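Subject: Structure for your review

Dear colleague,

Please find below the structure I am handing over to you. My findings on its side-chain packing follow directly after it.

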Amino acid sequence: MFQKVCFLHGSEDYVMKKAVAFLAGMILISVLGGSAGAAGAGQSFIDSVSQDGESGNLNVLCALPGETGAADSFAVTLDETSLPVLSVSTADEAGVAKTYYCMVDVSGSMKGRMDQAKEVLTAISADLDADEGDNMVIAAFGNGITETGFLTGAEEIAAAVADLEYTNEDTDLYSAVIHGIEFLQGQSQVNEQAALVIISDGCDDQAYGSSYEEACEAVENADLPVYTAAIILSEEDYDAALDLGSFAKQSAGGSYFPKSSDTDSGPADMTAAEIGAEIAAEMDSFLYVQADLSGATRSDSGAYTLSVTFSGDSGYVYTDSREISSGELSLAESEPDDPDPDPDPEPGFLETYGTLLLVIVILIAAGIIIIAVVLIARMKKSRKEEKEKRKQQEEQKRLEQEERERAEQTERELAEQRERERLEQEEIARQEKEAFEALPRFPVRLIALGVKQKEYTLELVQGCEMTIGRNDKAMIALDPQDRQLSSVHFMMYWDNGNVYVRDAGSTNGTFRNGVALGSRRTIVRQGDTLRAGSYEYRVIMQEV
């Protein structure tokens, strides 16, 4: 369903020239007393121009979102000829066929945003009417573009939307914008009303693609509405959304979404489906103007200048113009010149003062252009500084994220190392325990003299010096109630058939047959007595 295509790049330096010419023109209008404004705060609004094949009337599609109007709201001129406006209707009422070229960002920065992107597409496609010839192209872009053909049916559009997948590529947004414009200008299947829809988070991180300036040039030259649907997850994404929206603001009647909130500078609360539905609603609300061409005559210059002025209910006056090739219109031949003109006409005001006025206008225009160039240079520098600042902030965030990830990785490695060491220690302890339990044992009984039923059986492990005392600090505990007995009182050792005993630094000492023992091992034999704590014990060695 999708076909891979490559990017095409635009030329350079056009943005500066067009911006200068536009600003100069607007200021000149103000200086010379004109009252016309520009649609959408600087946007052009003439979307398409055609001549009806049957009536010969001129059809002009105007992108004026949110405006309504009648015939007396418009003034249309072709060169210097005023054309009567016959009717005004919406594009939807006129049944104008639409084409949407929808570019969907599937790059790495769109992680977690693809479902919203699909919702925008689905809402737009709900407005298509195949019976009227409406169609749609869906283009997925990252480093390159993969696009469908022209889609008309609801099922094939739904299948194409479902096929969109997140790719984790870099984003060559600006090259994609240029490609979308060139596609709409170069394909015969593109309908009279066409729009470029950009669904993205606004990120462009492809260093080798087209520049922002080249993309702006393509948009401004296209005379096409551009709609930007920014997929944002939080208010922190809104700066990039506004950057993306700059393409809509520079286009012929497009809009950016989500709009800014009425209460603050953040985004308005809009769902993805609401964004798609509003794009479709704006396309349906374009004003379709029919004007009478019967009073216009053919020009020998090779081109006509069409000017349209709209006076809105809001009080704003919008004006836009477009150059039309003479081959696009079929007009009557001009009337021949008067064969007997006045041989000596009185010189008019313009003939007398025209040169002086022209010089004054040129000087004023030159001054305005110089001011405009300086302002644009400052704006461009400011924008560059802001973009560099954002890049630095993004780089700082990236470095901090990498540092956090390294710290987390180090902590995981340390935890794994501690766990390995714990398991190794447990294994060593287990092996030592098994080895200890496997050693031969020799039972020795200690019977308290003069006390009934007070005796203990000690199992001595071969080759292991075992501690005996009052509590569990010793390997073998005797009487925990005997306060004369130290926690670790004496030691016993069995090896090579002999049993040895020595004092373990007890408080009250250890005695064998009444003789105090020191820290050196002393052999104890069958029947010997050992005094430790409050009792004297008879030593009975049992055979094993």
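Predicted model: local features only at pLDDT ≥ 70, side-chain atom pairs only at ≥ 80, totals over all residues.

The charged end of Lys 249 is placed over the ring of Tyr 256, at 4.9 Å from the ring centre.

Aromatic pairs number 12. One of them joins Tyr 212 and Phe 247 in a tilted geometry, with 5.5 Å between the centres and 50° between the planes. Because Tyr 212 belongs to helix 6 (residues 212–222) and Phe 247 to helix 7, this pair ties together parts that are 35 residues apart in sequence. Tyr 212 and Phe 247 are both buried. Phe 310 and Tyr 318, by contrast, are stacked, at 6.2 Å centre to centre and 25° between the planes; these two residues are also buried. Together with Phe 74 and Tyr 316, they make up one aromatic cluster.

Helix 7 (residues 238–250) spans 19 Å from its first C-alpha to its last, close to the expected 18 Å. Helix 7 also bends by about 25° at Leu 244. Its buried residues include Tyr 238, Ala 241, Leu 244 and Phe 247.

The largest nonpolar core has 37 residues, of which Tyr 100, Ile 138 and Ile 199 touch the most other members. Elements giving two or more residues to this core include strand 7 (98–105), strand 8 (135–141) and helix 8 (272–284). A second, separate core of 35 residues includes Leu 173, Phe 183, Leu 224 and Ala 241.

With kind regards

Methods. Residues numbered from 1 in each chain as written. Heavy atoms only, no water. Core = buried A, V, L, I, M, F, W, Y, C linked by side-chain atoms within 4.5 Å. Buried < 20%, exposed > 50% of the residue type's maximum accessible area, 1.4 Å probe, protein only. Helix = DSSP H or I, 4+ residues; strand = E, 2+ residues; numbered from the N terminus. Expected span 1.5 Å × (residues − 1). Bend = angle between axes of the 7 residues up to and from the residue. Phe/Tyr/Trp six-rings, centres within 6.5 Å; stacked < 30°, edge-to-face > 60°. Lys NZ or Arg CZ within 6 Å of the ring centre and 35° of its normal.
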